[in-house]
Every structure is written in structure tokens, then in C-alpha cells.
Amino acid sequence: MNLRPLSRRFYGRGASEVAPDLIGRVLVRDTDGVRMVGRIVEAEVYRPDDPASHSFRGPTPRNATMFGPPGHVYVYVSHGIHHCMNLTTGRGSAVLLRALEPIHGLDEMARRRGVADPRLLCAGPGRLCQALGVTRADDGADLTTGVGLWVAPGDPVKTVSATPRIGLTVARDRPWRFVDPGSRFLSRGR
């Protein structure tokens, strides 16, 4: 499997173009001498013209990474409990990674999560971050270096389904959630 990181140019497109193109690619996490790999099966778009986006009200110290160059990791804490990981596409836009199909390092993911069922390891943004050990310390990490955390080519999915996003109180109707329709590892059904 080719685990070379995707280029900055890949991320430098609109989030609505990057998100469906991420489905089927692989996220690689190297930490503490352990490599974990998962196939991206679910992602959501967030843009500055979107009232559900952290960038909607402009730059702040918390969301500064979203306004930086494309190809970086934006990590925030949701509800004071769960870390969530986004991949920046520049100009206040990012793609939230919602679910992975674990393919390597499952023992370490299970240890971190405290569950053995592979379908529960990375099904949801908080579970995904917990399984991979992603925290606010990873905010701003460069995805193009091939060090620590990056996305590799994988096998892009030929048919990607678009659905409304999940768990929002505003802008719920936008079909900005992209999924591999055949995956058993989604955070929720289509």
C-alpha cells in the first residue's frame, strides 16, 4: 500500500471537492513507535459561509488553523469531552473526519478505546480521535510531511453518497456529509 502523503495541492481545493475525494483514502498515524492506519469512509464539509462552521464568525485563537494554509490538521474539543479532527482546505474551510475503517494497528486502537469490536473503534469523530490518540496538541500539524499524521492515496471510492450532516442544530439540510455507501464502519447509517 502506498503510504506517501498527499500533496498540499490536493487540499488546496474547495472543501466540497476535497471531502468526497477523501473517501477511500487512508489516514496514517505514527505515534509512540506505533503505526495505525484507517480507510476514510465518512467526512463532512465546513465552510466560512456555513453557520455550523467554527469559521462562520471569523478567525479566533481557537480556529486559527482553519484560516491558515491548506493541508493542516484542525483539532477542537466538542462538548468539553471529545476531540474532533478536521483537514484544512484554506480560507476558513475544513473537512471533518467522521469515520474510518481500521486496517492496521487495531490492537493499539482497541487499547486506547477500551473496546474490541472493530466497527466501534473509529465510527464517529470522537472515537476516531481517541483510537488514534489525536488531541489539541496535534492542531496545526502539517499533513504533507509524512510525519506523525497524514493522508495517503488509498483507493478512492468510485461512488460516494452525499447526505445531510449529523448532529447539528443549524444548516442541517446541506448535503455535505460524504460516505462510502457500502461501508459497515460509518458513524451512522446513510
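## Basis of the values

Local features need pLDDT of at least 70 in this predicted model, and side-chain atom pairs count only at pLDDT 80 or more, while totals for chains, interfaces and linings use all residues. Residues are numbered from 1 along each chain as its sequence is written, and side-chain values use heavy atoms, with hydrogens and water left out.

## Two loop residues with positive phi

D32 lies in the loop between β1 (26-31) and β2 (34-46); strands are DSSP runs of E, at least two residues, and helices are runs of H or I, at least four residues, numbered from the N terminus. The phi of D32 is near 55 degrees, a positive value in a residue other than glycine. With a relative accessible area of 70%, D32 is exposed (exposed means over 50%, buried under 20% and partly exposed in between, with a 1.4 Å probe and protein chains only).

R91 is in the loop between β4 (82-90) and β5 (93-104). Its phi is positive, about 55 degrees, although R91 is not a glycine. R91 is exposed, at 56% relative accessibility.

## Aromatic rings

The count of aromatic pairs is two, where rings of Phe, Tyr and Trp (its six-membered ring) pair if their centres lie within 6.5 Å, with planes under 30 degrees apart counted as stacked, over 60 as edge-to-face and the rest as tilted. The ring centres of F10 and Y11 are 5.2 Å apart and the planes stand at 85 degrees, so this pair is edge-to-face.

F10 is buried at 10% relative accessible area, and Y11 is buried at 0%. R13 lies over the face of F10, 4.5 Å from the ring centre; the rule requires NZ of Lys or CZ of Arg within 6 Å of the ring centre and within 35 degrees of the ring normal.

## Helices α3 and α4

The axes of α3 (residues 106-113) and α4 (residues 125-132) come within 7 Å and cross at roughly 115 degrees. Axes are lines fitted to C-alpha atoms, for helices over the stretch in contact, and angles run from 0 to 180 degrees between N-to-C directions. The two helices are therefore roughly perpendicular (65 to 115 degrees; under 35 is roughly parallel, over 145 roughly antiparallel and the rest oblique). M109, R112 and R113 in α3 meet R127, Q130, A131 and L132 in α4, contact being heavy atoms within 4.5 Å.

Six of the eight residues of α4 are buried, namely P125, G126, L128, C129, A131 and L132. Their cover includes β1, β2, β4, β5 and α3. Just after α4, G133 has a positive phi of about 75 degrees.
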